[in-house]
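Here are some notes on the model you asked about. Please read them with the structure open beside you.

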Amino acid sequence: MAPQFTLQAPLKLPPHAVIDHLQQLWEHPEEGYNGSATFTLVVWEPAWLEQHLSRLGLLQDAVMGMQRPCLVEAARRAIGAYGLPSATAPLSSTLAQALASQPGENGSHDDLRGQAIESSISQLQPHRMITLAPTIDGEQTLEALVAAYCSLPEENGPGGGNVCGDVLVLRGGAASIAAELDLLPPLIPSQLPCWVLWEGALGEHTDIFERLATAPRRLIVDTALGETRPSLRILAQRIAAGQAVSDLNWYRLGGWRESLAMAFDAQDRRTALAHVVQADIDVEGDQLCQGLLLAAWIASRLQWSLQTGRQQRDSSVYRFQRPDGAMVDLRLVSVPVGFPKPHAGSILGLRLLCRPPGRRELCVVLCGEASGCMRLEGGDISSRDLVEEIVPLIEGSLEVQETRVLAGGHDTTNPLLTTTAQLADRMLTAAVAASQA
């Protein structure tokens, strides 16, 4: 769906005038317009990649802070134009950091972050959307943009007038945004739920993150955007503290989890699950969050206990103990690919090898595309029962995934994610400690 823009061009105000203006905005609403009473959405939207692509003249479009086909295409062109490894994921922080070091001011486009609202989100009729839009010019002074928006007529259904809200954009250098964060608490009604959507890398601008992501605000993050270790550590810490947290990277694993469960749905295969001896997971590149989350989900569901972990040059090896005392080796392998998916660290394939007593070995192989199965078919296939499945990957833009979280309205963390994130963090900690010993 096309993004929806505000009713009129946002009004530029001094930051200290924002509170009074918003109080007056709905004081005398036009007939038939009702202020929404739903939730507040606070978004940290750095869009570093978009800003640098625009600066370098590689993105011929406005900076909107949205995942769009034109953004992914421009990012792939940048990878080739600047001689970066072909395995670089288009939406990775690695690419944004590489472009930040490139000189040039070859283009400049409008910055519409916070002013263009994804239609799927506007359908939820947020009461207020506050967007913090840091600029690549760290010295830029802070400006505030305020406007009203109303959901499109067809979104309101039969019956009663337009439901409206407002948007506030604070745009400037990160330091100027940090200096004015005290503006936000009076603008976030305590009687409504508040989500904080952190669209940057975890571990980046931790001072702002700590002040924004305070409980009981509900937190939405994406562990694919940053480096593996700080992303998993912050995710696990927030969940352990009891905060409601959703990880978009976890939701991308939905197809893998469902396909693996279905592969063992038959009764004879289900009993083989108690006799897994080896697991292999291939991921694109060296961002391992998604691979560790999938590995931890499997281990927690099968009640394996972590024994050891160690890092190797292009893989990590973990040893678990099954409930019956037998050992399971799990290997997480980084595989360079020539045309990676947009997000770093996407799963390429999964293999589980089971040795039920008195029966042939069972080898279950899942992969995201047919060609990806070949590497995981290794070994003496003739001596095994081989099951192969192609995993239907979850479609939809980042904004659609965010909408699913917001529409759910959950005020607690998904129990499966709670268990999985804690174990994934322990796995990575064990492997790092072993490599440093």
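1. In which loop does Pro216 lie? Pro216 sits in the loop between helix H7 (206–212) and strand S10 (218–221). The peptide bond that leads from Ala215 to Pro216 is cis, and its omega is near 10°. Please look at this bond when you trace the loop.

2. Keep in mind that this is a predicted model. The average pLDDT of the chain is 88, and 89% of the residues score at least 70. Among the elements, helix H12 (residues 289–301) has the highest mean pLDDT, 98, while strand S1 (residues 4–5) has the lowest, 57. Over residues 155–161 the pLDDT is below 50. Beyond near neighbours in sequence, this stretch has 11 contacts in the model.

3. Next, the chain as a whole. There are 14 helices and 18 strands in the chain. Of its 437 residues, 54% are buried. The accessible surface comes to about 19000 Å², and carbon and sulfur atoms account for 52% of this surface. Take the contacts between residues at least 6 apart in sequence: 75% of these join residues at least 24 apart.

4. The crossing of H2 past H3 is left-handed. H2 brings Leu49, Glu50 and Leu53 to the contact, and H3 brings Leu71, Ala74, Ala75 and Ala78. Sorted by class, the residues of this contact are 6 nonpolar, no polar and 1 charged.

5. A second pair is H10 (residues 254–263) with H12. The axes of H10 and H12 cross at roughly 35° and come within 11 Å. This crossing of H10 and H12 is right-handed. On the H10 side the contact is made by Trp256, Arg257 and Leu260, and on the H12 side by Leu294, Trp297 and Ile298. The contact of H10 with H12 divides into 5 nonpolar, no polar and 1 charged residues.

6. Gln125 is not a glycine, yet has a positive phi of about 55°. Gln125 is in the loop between helix H5 (119–122) and strand S6 (128–134). Is Gln125 buried or exposed? Gln125 counts as buried because its relative accessibility is 17%, and the cut-off for buried is under 20%.

7. The other glutamine is Gln303, which has a positive phi of about 60° although this residue is not a glycine either. Gln303 lies in the loop between H12 and strand S13 (305–311). With a relative accessibility of 59%, Gln303 counts as exposed, since exposed means over 50%.

8. Where is Arg313 placed? Arg313 is in the loop between S13 and strand S14 (315–321). The relative accessible area of Arg313 is 81%, so Arg313 is exposed. Arg313 and Val333 are 20 residues apart in sequence, and their C-alpha atoms are 9.6 Å apart in space.

How values were computed: Residues are numbered from 1 along each chain as its sequence is written. This is a predicted model: local features need pLDDT of at least 70, side-chain atom pairs count only at pLDDT 80 or more; totals for chains, interfaces and linings use all residues. Side-chain values use heavy atoms; hydrogens and water are left out. pLDDT is the predictor's confidence in each residue, from 0 to 100. Helices (H or I, at least four residues) and strands (E, at least two) are DSSP runs, numbered from the N terminus. Contact means heavy atoms within 4.5 Å. A crossing is left-handed if the near helix is turned anticlockwise from the far one by less than a right angle, and right-handed if clockwise. Ala, Val, Leu, Ile, Met, Phe, Trp, Tyr, Cys and Pro count as nonpolar, Asp, Glu, Lys and Arg as charged, and the others, Gly among them, as polar. Buried means under 20% relative accessible area, exposed over 50%, partly exposed in between (1.4 Å probe, protein chains only). Accessible areas come from the Shrake-Rupley method with a 1.4 Å probe; for residues, only the protein chains shown count as cover. Axes are lines fitted to C-alpha atoms, for helices over the stretch in contact, and angles run from 0 to 180 degrees between N-to-C directions.
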